[in-house]
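Me: I am new to this structure and would like to learn how to read it. Could we take the features one at a time?

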Amino acid sequence: MIRSKEARRRAVYVAQVLGVTGAYYLSGRLGLTRQVVVDGAVVTPLWPPTGISLAALLYFGARIWPGIALGALFTVSAIGDAFTWSRMGIVLGNTLAPLAAYALLRKVGFRSELARLRDGVCLVFLGAFAGMLVSATAGSVMLLLDDKVPSGRFWLVWASWWAGDAMGVLVVTPVLLVLRRVRRPRLDERWAEACVLAVAVALAGLISTRSSLSMVYLVFPVIIWAALRFQLPGSAPCALVVSVLAILAGTDSLGPFAGHTLMEIMINLTVLNACVALTALLLGAIVAEHQNIRRETEHAVVELEALVEQLAPLPGAPSGRYGDGPPGAPR
């Protein structure tokens, strides 16, 4: 019986590692379909594997790191023909970055439910901005040592690399975290609102990213609507849709991205995706936190009412005042 349980546990662990490896590789290949080359370095405006890696660590713990390392190894190997020491350094950086982000989040007591504002802030500044410094630095330094990036363009490559990895955490990780709490919804009036919201985010995303009138601000009322009415389960997928549409338009130089240089497009995409992701994440966390506080307050009021009813004197019971006594007793 003990051996059977141990074998089952190992089989589940192997399946989890292989699943993370496959998800990393497939998302990496998907991200590379919109790759750009900045001074010899291959970067993307949004690198989904970083978001998948951090979500996997938050789900399964640090023991899942071999799946991240294997996924990074297969993805980096698929980019070119020869596997060099610089690419091994890139694999190491891509493995250590989500581990560093995970360690920072664990240090501050991060909760994957994202039901508190502090959790959203920690995911932004520790998980995305701070954690992805590792992969950007390791990858840029390796390319510099391999003479694939001029020394004068190091910081440009570094910033592009860091932005793509950070966007992967900001856009992809929240969606994967809310999927864990998805339950079969009830058929009520909110289904109609959810369908209207889905159509609205698609239309707003297409118009804002493909219109030559530079109307990118159209997406923010829809993101706010999703966060206020559906919290993070509604705002996170909307942010992902908008980011994907923006990347498609940016890499094709359409709409507000037409006529700009590659660097200008990368900067605009980073700023837009960051603003959309921050709005969806932080506003959704604020609404969820306020709703939790309201529920806790209502629960406390109910308990207080029950306690008052228990302590209140029964009708007709003697008041117990000083000087009271049986009928006819001297007063």
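Reply: Start with the elements: helices (H or I, at least four residues) and strands (E, at least two) are DSSP runs, numbered from the N terminus. The protein chain has ten helices and two strands. Along the sequence their pattern is α-β-β-α-α-α-α-α-α-α-α-α. This is a predicted model, in which local features need pLDDT of at least 70 and side-chain atom pairs count only at pLDDT 80 or more, while totals for chains, interfaces and linings use all residues. Residues are numbered from 1 along each chain as its sequence is written, and side-chain values use heavy atoms, with hydrogens and water left out.

Me: What span should helix α4 have, and how far apart are its end C-alpha atoms?

Reply: The expected span of a helix is 1.5 Å times one less than its number of residues. Helix α4 (residues 85-107) has 23 residues, so it should span 33 Å; the end C-alpha atoms are 32 Å apart, which agrees.

Me: Which residue with a positive phi follows α4?

Reply: Most residues other than glycine have a negative phi, and most peptide bonds are trans. Gly109, which follows α4, has a positive phi near 75°. Leu114 is not a glycine, yet its phi is positive, near 55°. Leu114 sits in the loop between α4 and α5 (117-130). Gln231, in helix α9, is also not a glycine and has a positive phi of about 55°.

Me: Is Leu114 buried or exposed?

Reply: Buried means under 20% relative accessible area, exposed over 50%, partly exposed in between (1.4 Å probe, protein chains only). Leu114 is buried, because its relative accessible area is 3%. Gln231 counts as buried at 15%. His260, in the loop between α9 and α10, is partly exposed at 36%. Of the 331 residues of the protein chain, 42% count as buried.

Me: What is Gln16 in contact with?

Reply: Contact means heavy atoms within 4.5 Å. Leaving aside neighbours within four places in sequence, Gln16 touches Phe60, Arg63 and Ile64 in this sense. Gln16 belongs to helix α1 and is buried, with 17% relative accessibility.

Me: How much space lies in the largest cavity, and which residues line it?

Reply: On a 1 Å grid over the protein atoms alone, a cavity is a set of points where a 1.4 Å probe fits but cannot get out, and a pocket is an open set with protein on both sides within 12 Å along at least five of seven lines; lining residues have an atom within 4 Å of a point. Grid points are joined across faces, edges and corners, and a volume is the space filled by probe spheres set on the points. The largest cavity holds about 50 Å³. Its lining is Leu170, Val171, Pro174, Leu232, Ala236, Ala239, Ala277, Ala280 and Leu281.

Me: What volume does the second largest pocket have?

Reply: That pocket has a volume of about 400 Å³. Of its 22 lining residues, Val42, Val43, Ile79, Ile90 and Trp161 are the closest to its centre.
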